[in-house]
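Please look over the model shown here before reading on.

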Amino acid sequence: MRQTSTDKTGAWAIMVRSMVQIVRRPLLWVAMIGLPLFMFLFVTSMFEEGLPTRIPAAIVDRDGTSLSREVTQTLGGMQMVHLTETPNSYTEARHLMQEGKIYGFFLIPENFQADLLAGRAPEITFYTNMVYFVPGSLLFKTFKATAIYTKAGVAMSVAQAAGQDPETAAPLLQPINIATRAIGNPLMNYGIYLGNSFIPAVLQLMIMLVTVFSLGQEIKYHTSVRLLRMARGSIVRAVYSKLLPQTVIWWVMSVFMLSWLYRYNHFTMQGSWLWMILSELLFVMAAQGFAVFVFGLLPNLRLSLSVCALTGILSFSIAAFSFPEESMYPAMSIFSWLMPVRYNFLIYADQALNGRDIFYSRIWFVAYIAYIVLPITVMWRIKRFMAKPVYAP
């Protein structure tokens with residue numbers, strides 16, 4: 001754009017200019033509205049059933065007795081398992097798993113019933129493909145439960161044949177009853193966990209990329225001089241006024257995200273809506289603050305976009321969503337605290353899942369504020385490059 005002497009100045013003029021730029025760039029519509037909405041719908045619809053069910057599996061019955069057929073029937077009745085194949089040998093079942101047609105198979109050995117009744121302790125073997133961690137883990141759990149139930153059923157039959165009644169034999173087979181209480185997620189719904197971690201991580205990634213892109217475009221097209229003039233030489237007014245319209249849009253998207261997850265999809269909400277909304281509003285500004293800080297360190301559109309993309313993608317792992325921070329090496333666990341989305345997840349766990357008093361989450365809100373004021377430390381570099389814009393592709 002060509003700079004003129006009639007340009008209006010002040011924060012409002014910069015905000016109007018920023019809104020016009022957003023309206024004129026369809027790319028920003030997609031990045032700020034289209035992709036977040038798609039992610040909201042995609043993640044929640046993918047885990048609509050809560051847990052993966054009817055996972056393709058196979059059973060190799062090399063015994064062919066009434067007991068092995070009973071085991072097959074029991075396994076086929078499990079919610080997690082869909083016995084799609086009945087191979088005749090271990091080799092055939094292994095090939096099916098390597099081809100991706102099944103995620104695991106259950107092997108009943110020869111003479112299984114005879115050895116079991118004779119007390120010779122036959123071995124039941126099951127194999128799962130842990131390359132696909134979720135279905136492999138669920139199959140492993142189901143296979144193991146089937147093997148335990150089979151052993152208990154045979155032991156009960158032997159005890160009854162020896163003259164013991166079921167009420168006497170049952171405590172001997174299972175002396176301790178285990179009651180499981182899944183606190184915060186009683187239905188074991190994967191969507192509740194992944195939706196509240198992956199969706200904010202995607203939102204953070206898009207906020208960072210759009211923020212850096214908006215600032216970098218000013219230098220690329222040499223319009224940053226005009227921006228500074230409109231801000232009357234104040235780089236703080238220039239940056240924050242330019243980003244404020246985007247902040248409002250991100251606020252709307254974050255509040256819609258909360259409504260989508262907790263109202264429409266009925267995800268667990270034990271705490272206060274007020275604190276969760278405040279967390280999302282501060283989260284947006286914290287992500288923008290981090291992006292402005294990166295741009296201040298690297299006032300180059302290509303490099304700053306690359307750094308934000310890299311750190312945003314790594315947030316899915318280093319923010320301890322997929323691997324607990326307590327189990328990381330100390331040198332690596334430090335990086336889990338470097339991204340705003342980590343504190344968003346901790347506040348979610350405290351407030352939405354556990355309904356804890358806000359006192360226990362105060363430090364995470366302070367972390368948000370630290371990200372928001374962090375760009376102040378690099379404003380002088382941003383001003384220097386905007387005053388004399390040089391685009392380096």
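Two residues are in contact, or touch, when heavy atoms of theirs lie within 4.5 Å. This is a predicted model, in which local features need pLDDT of at least 70 and side-chain atom pairs count only at pLDDT 80 or more, while totals for chains, interfaces and linings use all residues. Residues are numbered from 1 along each chain as its sequence is written, and side-chain values use heavy atoms, with hydrogens and water left out.

**The whole protein**

The protein has 16 helices and 4 strands; helices (H or I, at least four residues) and strands (E, at least two) are DSSP runs, numbered from the N terminus. Of its 393 residues, 45% are buried, where buried means under 20% relative accessible area, exposed over 50%, and partly exposed in between (1.4 Å probe, protein chains only). Among contacts with a separation of 6 or more, 76% join residues 24 or more positions apart.

The mean pLDDT, the predictor's confidence in each residue from 0 to 100, is 84 for the protein, and 88% of the residues reach 70 or more. Over residues 1-5, pLDDT stays under 50.

| Residue | Helix | Relative accessible area | Side-chain polar atom to backbone oxygen |
|---|---|---|---|
| T146 | α6 (residues 133-161) | 0% | T142, 2.9 Å |
| T311 | α12 (residues 301-318) | 18% | V307, 2.9 Å |

Leaving out residues up to four places away in sequence, T146 touches V71, L75, M78 and F106.

Which residues of α16 are buried? In this helix (residues 379-387) they are M379, R381, I382 and M386. Seen down the axis of α16, these residues fall within an arc of 160°, so they line one face of the helix; the arc is that of the directions from the helix axis to the C-beta atoms. Their cover includes α8 (190-220), α9 (224-230), α10 (235-264) and α11 (273-297).

At the start of α11, a side-chain oxygen of S272 comes within 3.1 Å of the backbone nitrogen of L274. The 25 residues of α11 should span 36 Å at 1.5 Å a residue, which agrees with the 36 Å between its end C-alpha atoms. The expected span is 1.5 Å times one less than the number of residues in the helix.

Note on methods. Polar contact = N/O pair within 3.5 Å; in protein donor to acceptor, adjacent residues only side chain to side chain.
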